[in-house]
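Colleague: I am new to this one. Please show me how to read its features, a few at a time.

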Amino acid sequence: MKKTLRFRLVDGLLIAMMILPFVLCWILKVLFTPASEGIAISGPLVYLRIDLTPQPLYISESVVVSAAVVIAVFALCLYLTHGICVECRTKRQVIAEFIVEKATDFVTGNMGERFIGFAPFVAAILALSALSSLASLIGLYSPTSDINIVAGWAAIVFILITYYKLKGGVGNYLKSFGDPIPIFYPFNVISEVATPVSMTFRHYGNILSGAVISALVGSGLAGLSSLILGLFSKAEWYTTWVASIPFLRVGLPAILSLYFDLFSSALQAFIFAMLTMLYIANGYPAEEAAARKQKREEKRAARAAAKAGQPSAACPDGDERNE
C-alpha cells in the first residue's frame with residue numbers, strides 16, 4: 001500500500017494524540033506539585049475547583065490522567081484502523097484484527113454468543129484499567145488509585161447488571177430477592193448493593209496498596225542506605241553528599257515494580273473485566289432468555305393467527321369461538 005503525504009500526516013496526528021496528553025499531564029504535575037523532602041504518600045493533586053450546588057466539582061490529577069488515557073486509547077484505535085482495506089493487509093491491520101478476534105473470543109467464551117456485542121465494552125475496560133494502572137510507570141498518578149474513578153466504572157457495570165436482570169421482568173427481579181426463602185430478602189438486597197462496592201474496593205485497594213508498599217520500601221531503603229554509609233563517617237572520602245546517596249534504591253524497587261506496576265495492574269484489569277462479564281451474563285441467564293423468547297414467539301403467532309381469522313395452536317377451542 002502506497003502511503004500518500006496526507007496519509008502520513010494523519011498518522012503523525014494520531015501518534016501525537018497518543019503522546020501529547022501524557023506530556024500535558026507531566027507539565028501540570030510539575031507546575032502543581034509542592035516542594036517536599038523525601039518520599040511523600042498523598043492523594044491526587046487538585047488542579048481546579050468549580051463551585052457548584054450541592055457540592056464543588058474538583059478537577060484532580062486522576063481525572064486529567066484518565067482523560068489522557070481515554071484519548072490515547074481512542075487515538076490508538078484510529079491509528080490501527082487507518083487505511084484498513086480488504087485487498088491489502090498491513091501490519092497494523094493484522095494487529096487490529098488480532099485484538100478484535102481475541103476480544104470477541106474472550107467475551108463469547110465467558111458470556112455466550114448472545115452477548116457478542118459486549119466485546120468492545122469489555123476490551124475498553126481492559127485497556128482503560130491496565131493503562132490507567134501503568135501510568136505510574138511514567139511518573140503520573142494512577143487513576144485506579146483514586147476510588148472515585150473505579151467507583152464510576154463499577155456504577156456503569158451495576159447499571160448494566162440491573163438492566164439485564166430487569167429484562168426478565170420487574171416482578172421476577174423483586175421475587176429473586178426472596179430466594180431460596182423469604183427470610184433472605186434483606187440479605188439478598190444487601191448482596192445486590194454490595195456488588196459495585198466490592199468491585200470498587202477490590203480494584204482500588206490492590207492498586208493503591210501496591211503504590212503505598214513501593215513508596216514505603218523506597219523510603220526505607222533510602223534510610224538504610226544513609227545508615228550504612230554513616231558507618232564510614234570517619235573515612236576520608238565520607239561527606240554529607242555521599243551519605244545522602246540512596247544506593248540501595250538502585251535495582252531493588254524495580255523488582256517490586258515488576259509485580260505491583262506490571263503484573264498486578266494487568267491482573268486487576270483482567271479480574272475487573274471478568275467480573276463484569278460474569279455479573280452481566282448471570283443477570284439474564286440463557287435458559288430464562290430462551291424461555292421468554294419462546295413465549296414471545298407464541299404470543300406473536302397467536303396474534304398473527306387471530307388477525308388472519310384462524311385458530312392458533314395456543315387456543316385449542318378457537319373453532320368454537322369463531323363460530
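Colleague: Which hand does the crossing of α2 and α4 have?

Modeller: First the idea. A crossing is left-handed if the near helix is turned anticlockwise from the far one by less than a right angle, and right-handed if clockwise. Here α2 and α4 cross in the right-handed sense. The labels come from DSSP runs numbered from the N terminus: helices are H or I with at least four residues, strands are E with at least two.

Colleague: What should I know about the model itself?

Modeller: It is a predicted model: local features need pLDDT of at least 70, side-chain atom pairs count only at pLDDT 80 or more, and totals for chains, interfaces and linings use all residues. Residues are numbered from 1 along each chain as its sequence is written, and side-chain values use heavy atoms, leaving out hydrogens and water.

Colleague: At what angle do α2 and α4 cross?

Modeller: Axes are lines fitted to C-alpha atoms, for helices over the stretch in contact, and angles run from 0 to 180 degrees between N-to-C directions. Helix α2 covers residues 61-81 and helix α4 covers residues 119-134. Their axes cross at roughly 125° and come within 10 Å. Now the names: under 35 degrees is roughly parallel, over 145 roughly antiparallel, 65 to 115 roughly perpendicular, and the rest oblique. So α2 and α4 are oblique to each other.

Colleague: Which residues make the contact of α2 and α4?

Modeller: Contact means heavy atoms within 4.5 Å. From α2 come Val69, Val70 and Val73. From α4 come Ala127, Leu128, Leu131 and Ser132. Classes next: Ala, Val, Leu, Ile, Met, Phe, Trp, Tyr, Cys and Pro count as nonpolar, Asp, Glu, Lys and Arg as charged, and the others, Gly among them, as polar. This contact of α2 with α4 has six nonpolar residues, one polar and no charged.

Colleague: How are α1 and α2 set against each other?

Modeller: The axes of α1 and α2 cross at roughly 170° and come within 8 Å. The two helices are therefore roughly antiparallel. Residues of α1 in the contact include Leu14, Met18, Phe22 and Cys25. Among their partners in α2 are Val65, Ala68, Ala72 and Leu78. By class, the contact of α1 with α2 holds 19 nonpolar, no polar and three charged residues.

Colleague: What about α3 and α4: at what angle do they pack?

Modeller: Helix α3 (residues 91-111) packs on α4 at about 105°, with the axes 9 Å apart. That makes α3 and α4 roughly perpendicular, so apply the angle rule again. Ala103, Thr104, Phe106 and Val107 of α3 meet Ala119, Val122, Ala123 and Leu126 of α4. The tally for α3 with α4 is seven nonpolar, one polar and no charged.

Colleague: Is Leu14 buried or exposed?

Modeller: Buried means under 20% relative accessible area, exposed over 50%, partly exposed in between (1.4 Å probe, protein chains only). Leu14 sits in helix α1 (residues 5-32). Leu14 counts as buried because its relative accessibility is 7%. Leaving aside neighbours within four places in sequence, Leu14 contacts Ala75, Leu78, Tyr79 and His82. The C-alpha atoms of Leu14 and Phe74 are 9.2 Å apart, though 60 residues separate them along the chain.

Colleague: Which residues does Met277 touch?

Modeller: Met277 lies in helix α9. With 0% relative accessibility, Met277 counts as buried. Not counting residues up to four places away in sequence, Met277 touches Phe106, Val107, Asn110, Met111 and Val122.

Colleague: How many disulfides are there?

Modeller: A disulfide is a pair of cysteine sulfur atoms within 2.5 Å. The count here is zero. Cys25 is buried, at 4% relative accessibility. Cys77 is partly exposed, at 44%.

Colleague: Which peptide bond is cis?

Modeller: Most peptide bonds are trans. The bond from Thr53 to Pro54 is cis, with omega near 15°. Pro54 is in the loop between β1 (46-50) and β2 (57-60).

Colleague: And the whole chain: how many helices and strands does the protein have?

Modeller: It has 11 helices and two strands. Of its 323 residues, 30% count as buried. Take contacts between residues at least 6 apart in sequence: 65% join residues at least 24 apart.
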